[in-house]
Amino acid sequence: MEEPRAQALLREVEYGAREPKALGVRWGVFALAVAWSLFQIWATWAGTLEELRLGPLHLAFGLLLAFLLYPSKRPRLEGLLALLGGLGVADLATGGGYRLLWVLVGLVALAWGFRFFPPRAPRDRIPWTDGVLALGGALGALYVAWNLIPIVEVQGGVPVPRDVWVGSLLLLALLLAATRTVGPALPLIGLALILYAATGPAGLLKWEPPEVLYLHNGYSWSQIIQQLYLTAEGIWGTPIRVSATFIFLFVLFGALLDRAGAGQYFVNLAYSALGSFRGGPAKAAVVGSLLTGVISGSSIANVVTTGTFTIPLMKRVGYPPEKAGATEVAASVNGQLMPPVMGAAAFIMADFLNIPYAQLIVYALVPALLAYIGLFYVVHLEALKLNLKGLPREELPPFWPTFLSGLHYLIPVAYLLYALILLRLTPERSALNAIFLLLGLILLQEAWRGWRGGRGFWWGLLKGGVEIARGLEAGARNMVPIAVATAAAGIVVGIVTMTNLGYGLTQIIEGLSGGNIPLVLILSALASLILGMGLPTTANYIVMAALVAPVIANLAAKAGLEIPLVAIHLFVFYFGILADDTPPVGLAAYAAAAIARTDPIRTGIQGFIYDMRTAILPFFFVFNPALLLIGVDHLGEALAVILPALLGMLAFVVGTQGYFLAPLSWPERLVALAASFLLIRPGLLTDTLGALLLLGLYLFQRYRRRRP
């Protein structure tokens, strides 16, 4: 079985690969994770912590767990970087007057480091060096929370030498933690931007940057630390603040819902409803992944949760292994697009745009539905091409008993929707109330099961308490990469704000594209896909929103185009998510290939082909904001937008898959694609022409199929 490989990948990327053998250490890590979840619940309930206290406390927990749970992939290199970085911090914090001494000590550190640090990081114990890094990073974060009043009221935000020391050490620990949890791409981007801020006649590095990027005179190390460490525009900016308020509670809600058994229930429900149809397991995978996306913002976790069941059954009814894996990948990657609980980046987007999260849900609804309905078209046409059947009805769980068996799982989800959309509560208060409701549901469920199973009501309550504790631990472990990534992405946001880098990028992209907006969008999409190969979706969105989204908005304004800002942010959000299945680094494809026992590159390529329908959607809603229901005031207008879009998505899938009622020739493919572009564009004339082209193609295919 290859499933353990997928589980191992999931644990390494999402939960941390280290499992200490020592019982005391394991319980200590468990207690720390549970304490983090309880702290976040209390902080939201009390609502008394300032942003510059909540963010540092949140990150302190994240850094502790990052170094304890995520072993270094290159411990010797990381150790040497820590030693040299520490020496550099000392040099910079003391005015940079000891560079020769630093070089000599650095050479000694290099020679000594290869003996001091192990060649491989242990997975079954926590080295004392990781303990030191964890403690140092946490203390660096707590320093701001503890000294907030002196820093703000006494110093006026101006750093003293001790602030520079501690801030520099936190920056070093954060970059090392980010390398462990989300890979080297984000720390390298952060380092490059820090070097850019330090470069200039008045800066730490006295060189002059290229003329197009000569937007400032350079900043001293003290000024950089002040921006990143002592203000709400750097590490403690919008990303970490949203992580500490909205995101943690929604991730915790999903973890608790999964511990209650909702994940398995959603998969069983999809099977029982769709398994007997043509290509039924693939259709069940689409719906199961959509529902699992409600409780998991991770593409990899979605693949492993649903793919363990769906991929073997898809193979059984005749799907080739790479197509079975690719179907699950495409369905799972799109899970972050579906409201009401979209990926973590969606909460940051709402804050960046200064709109209520409930409003963002409305904007994102139609494109998400089009993406999933388009995938439904894809799997149906694949089933027709391969002449597949469904599973026998007797092998599937009966629908109504399955539906009723987990109906109580829908109560907290329904309440969350009610609180967000109808009551208009804040996202954090909605999630907190839903968590309290879910905690009661878990206790009642386990008490009922204990009573029915003959073990007693109190035994069931005790088991419910254990499940809650495990859910609290899982929620905290799931949050570690997000907390570290959002803090590290704050470096990017802080430096871009400090240096006005967006203006220089606007000049560069305008020069490359000649001001052509479609070309600008294509360049932005490619940049997002490339960045997504090394960044998680949340960090990818933050970087693109800080660097590229303002560029698109500025160039669109110059060209006289009125593109809503939410459309631009959703554009980069979509392509950041698609990077999860883009070869050669799409981790979701590796997880699915491990379950399907096939090649991950072929699986990723096939998954990206299936996701072409999602890749074209952002271009459509950028030029047709009505797809985001912007400017749509009543149901009739909404239907006039949605129905042609559904036909347009069908035409696009037909054209890209090369099959309708029968295989399509290349001229027929071009007709289908032309119909799709006409139908997606607003207007009675274009909708009519597109519908007629699609109808004509359908009738021609029927005629050709009947001809001898």
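# Helices and core of a predicted model

User: What makes the span of helix H21 (residues 457–499) close to the expected one?

Analyst: In this predicted model, H21 has 43 residues and reaches 62 Å from its first C-alpha to its last.

User: Where does H21 bend, and how is the bend defined?

Analyst: The bend of about 35° is at Met 479. That value is the angle between axes fitted to the seven residues ending there and the seven starting there. A proline, Pro 481, follows within four residues. Just after the helix, Asn 500 has a positive phi of about 60°.

User: Why is H21 called mostly covered?

Analyst: A residue counts as buried under 20% relative accessible area. In H21, 31 of the 43 residues are buried, so the helix is called mostly covered. For the chain, buried residues make up 56% of 708.

User: What makes a set of residues a nonpolar core, and which residues have the most contacts inside the largest one?

Analyst: Its members must be buried residues of the listed nonpolar kinds, joined through side-chain atoms within 4.5 Å. The largest such core has 224 residues, and Trp 36, Trp 236 and Phe 573 have the most contacts inside it. H21 gives the largest share of this core, 18 residues.

User: Which residues does Phe 573 touch, leaving aside its neighbours within four places in sequence?

Analyst: Phe 573 is in contact with Gln 336, Leu 337, Met 342, Ala 345, Ala 346, Met 349 and Tyr 541.

User: Why is helix H16 (residues 344–353) called mostly covered, and what does it pack against?

Analyst: Eight of its ten residues are buried, each therefore under 20% relative accessible area. Among them are Ala 345, Ala 346 and Met 349. The buried residues of H16 pack against H21 and helices H11, H17, H24 and H26. Just after H16, Asn 354 takes a positive phi of about 60°.

User: How do you know that helices H14 and H27 pack together?

Analyst: Contact means heavy atoms within 4.5 Å, and residues of both helices take part: Val 303 and Gly 307 are among those of H14, Ala 588 and Ala 592 among those of H27. The axes are 9 Å apart, at an angle of about 35°, and the crossing is right-handed.

User: How many helices and strands does the chain have?

Analyst: The chain has 32 helices and zero strands.

Key. Residues are numbered from 1 along each chain as its sequence is written. This is a predicted model: local features need pLDDT of at least 70, side-chain atom pairs count only at pLDDT 80 or more; totals for chains, interfaces and linings use all residues. Side-chain values use heavy atoms; hydrogens and water are left out. Helices (H or I, at least four residues) and strands (E, at least two) are DSSP runs, numbered from the N terminus. The expected span of a helix is 1.5 Å times one less than its number of residues. Buried means under 20% relative accessible area, exposed over 50%, partly exposed in between (1.4 Å probe, protein chains only). Axes are lines fitted to C-alpha atoms, for helices over the stretch in contact, and angles run from 0 to 180 degrees between N-to-C directions. A crossing is left-handed if the near helix is turned anticlockwise from the far one by less than a right angle, and right-handed if clockwise.
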